[in-house]
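Here is a short walk through one structure. Keep the sequence and the 3D view side by side as you read.

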Amino acid sequence: IIDWALECHSPVIGRWRVESPRSDLLLWRAWSAKDIALSLTELCLPFFQLRPIEFYEEKQPGKHLQMLNKRSKSLSEFVALTILAASAQNGTKAGASTLQEWLEVALELEKLRNYHMMFAVQCGLSKHQVDRVLKDFKVKKKWVKFKKHLDEFFDPTTRMGPAIEAMKDMS
């Protein structure tokens, strides 16, 4: 019954199988962080087609805004799923390694000043499911420090002040 429920009712888990090579969630790990960051940046091209009218109706945003939101949400979910899948399939070392690789991607995104996708990665890393298993991970100090930087960069209690300042510096 549980398998049937997951297959039929979950839009994410229903399409994914651990044993299926066609849907290997960890296949991306063969690519460099820089290549992934560049690919994610290309996914943000609709940003340049945004028009002010797309923000006018809150209930019906414009198509470019919808595309950006869907891509961001999908990436956040993918980040969390890959960390959890690596942990479930190969143990906490694999989970920690996957977490570190996503932090490397976030670092490359910061270098490219792609704050939209960097925020999407940070959202995936901040999901409560990842936080629960994060305690068991042994992550290098460099990446713990960068994760803290990432959290502070997009901290809602400061209204994302560091991110807004970085965006101001772009002009």
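**Pockets, helices and a salt bridge**

The lining of the second largest pocket divides into nine nonpolar, two polar and one charged residues. Here Ala, Val, Leu, Ile, Met, Phe, Trp, Tyr, Cys and Pro count as nonpolar, Asp, Glu, Lys and Arg as charged, and the others, Gly among them, as polar. This is a predicted model: local features need pLDDT of at least 70, side-chain atom pairs count only at pLDDT 80 or more, and totals for chains, interfaces and linings use all residues. Residues are numbered from 1 along each chain as its sequence is written, and side-chain values use heavy atoms, with hydrogens and water left out.

Stay with the second largest pocket. Its volume is about 230 Å³. A pocket is found on a 1 Å grid over the protein atoms alone, as an open set of points where a 1.4 Å probe fits, with protein on both sides within 12 Å along at least five of seven lines; lining residues have an atom within 4 Å of a point. Grid points are joined across faces, edges and corners, and a volume is the space filled by probe spheres set on the points. Among the lining residues are Trp 28, Trp 31, Arg 71 and Trp 102. Helix 3 gives the most to this lining, with four residues. Helices are DSSP runs (H or I, at least four residues), numbered from the N terminus.

Now turn to the largest pocket. About 580 Å³ of space lies in it. Of its 21 lining residues, Phe 47, Asn 114, Tyr 115, His 116 and Met 167 are the closest to the centre. Helix 3, helix 5 (115-125) and helix 8 (161-168) each give two or more residues to the lining.

Phe 47 sits in the loop between helix 2 (33-42) and helix 3 (63-90). Follow helix 3 along its 28 residues. It reaches 40 Å from first C-alpha to last, close to the 40 Å expected at 1.5 Å a residue; the expected span is 1.5 Å times one less than the number of residues. Just after helix 3, Gly 91 takes a positive phi of about 95 degrees.

Helix 4 (residues 92-111) holds Glu 101. The side chains of Glu 101 and Arg 29 meet in a salt bridge (2.7 Å, N to O). A salt bridge is a side-chain nitrogen of Lys or Arg within 4 Å of a carboxyl oxygen of Asp or Glu. The two residues are 72 apart, and Arg 29 lies in the loop between helix 1 (2-9) and helix 2. The whole structure has four salt bridges.
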